[in-house]
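Work through the exercises below with the sequence and the coordinates at hand. Each task is followed by a solution in steps.

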Amino acid sequence: APDNALEITRAIGAALCELLPENADEIAARVDAYTGELEALDAHISEIVSNAQRNTLIFADRFPMRYFTQHYGLSYFAAFPGCASNTEPSAAVVTFLIDKVNQEGIPAVFYTEFSNQKMADTICEATGAQKLRMHSCHNVSQADFDRGVSYLSLMYENAQALEKALGSAAE
């Protein structure tokens with residue numbers, strides 16, 4: 001979540017200022033600018049969540065977003081806990097997630113980067129939900145790296161997907 005990125009940025013900035021005191025003013029200015037962007041991102045996601053129609057997310061995949069969901073007060077159901085090594089979910093898990101999507105009228109199902117997306121496809125075919133990517137920001141493909149993606153750009157993409165999945169309370 002952006003709050004962790006804020007802490008990391010500040011800690012790295014402080015360490016760099018100690019190591020490079022001759023550049024401390026420039027480092028501090030860059031840290032301030034970037035932390036401002038992270039604070040704006042956090043506020044944007046918080047606004048999406050506070051104006052949401054629902055607060056439950058479905059991950060038809062591994063689940064590397066536990067801290068993110070805790071930070072924003074979201075609930076979730078996932079095919080696999082954390083970064084489990086399982087490659088195929090049980091039929092009971094698939095059925096449970098399909099039932100959960102149908103019962104709660106959840107419009108979107110998430111997969112993570114580098115997923116084969118098979119389970120997400122299965123659940124979406126059974127429910128009519130939209131398949132969306134939630135990027136953990138732990139890994140990037142060479143193509144993404146070459147395009148210059150950043151933590152901020154990936155998290156803003158996540159925010160757009162989150163908004164689709166949660167809907168607006170005004171709907």
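A residue is buried under 20% relative accessible area, exposed over 50%, and partly exposed in between (1.4 Å probe, protein chains only). The model is predicted, so local features need pLDDT of at least 70 and side-chain atom pairs count only at pLDDT 80 or more, while totals for chains, interfaces and linings use all residues. Residues are numbered from 1 along each chain as its sequence is written, and side-chain values use heavy atoms, with hydrogens and water left out.

**Exercise 1.** Find how many salt bridges the model has.

Step 1. Apply the criterion: a side-chain nitrogen of Lys or Arg within 4 Å of a carboxyl oxygen of Asp or Glu.
Step 2. The count comes to seven salt bridges.

**Exercise 2.** Describe the salt bridge between R10 and E39.

Step 1. Their side chains meet at 3.0 Å, N to O.
Step 2. R10 belongs to helix 1 (residues 2-19) and E39 to helix 2 (residues 24-50), so the bridge ties together parts that are 29 residues apart in sequence. Helices here are DSSP runs (H or I, at least four residues), numbered from the N terminus.
Step 3. R10 is partly exposed at 43% relative accessibility, and E39 is partly exposed at 40%.

Methods:
Helices (H or I, at least four residues) and strands (E, at least two) are DSSP runs, numbered from the N terminus.
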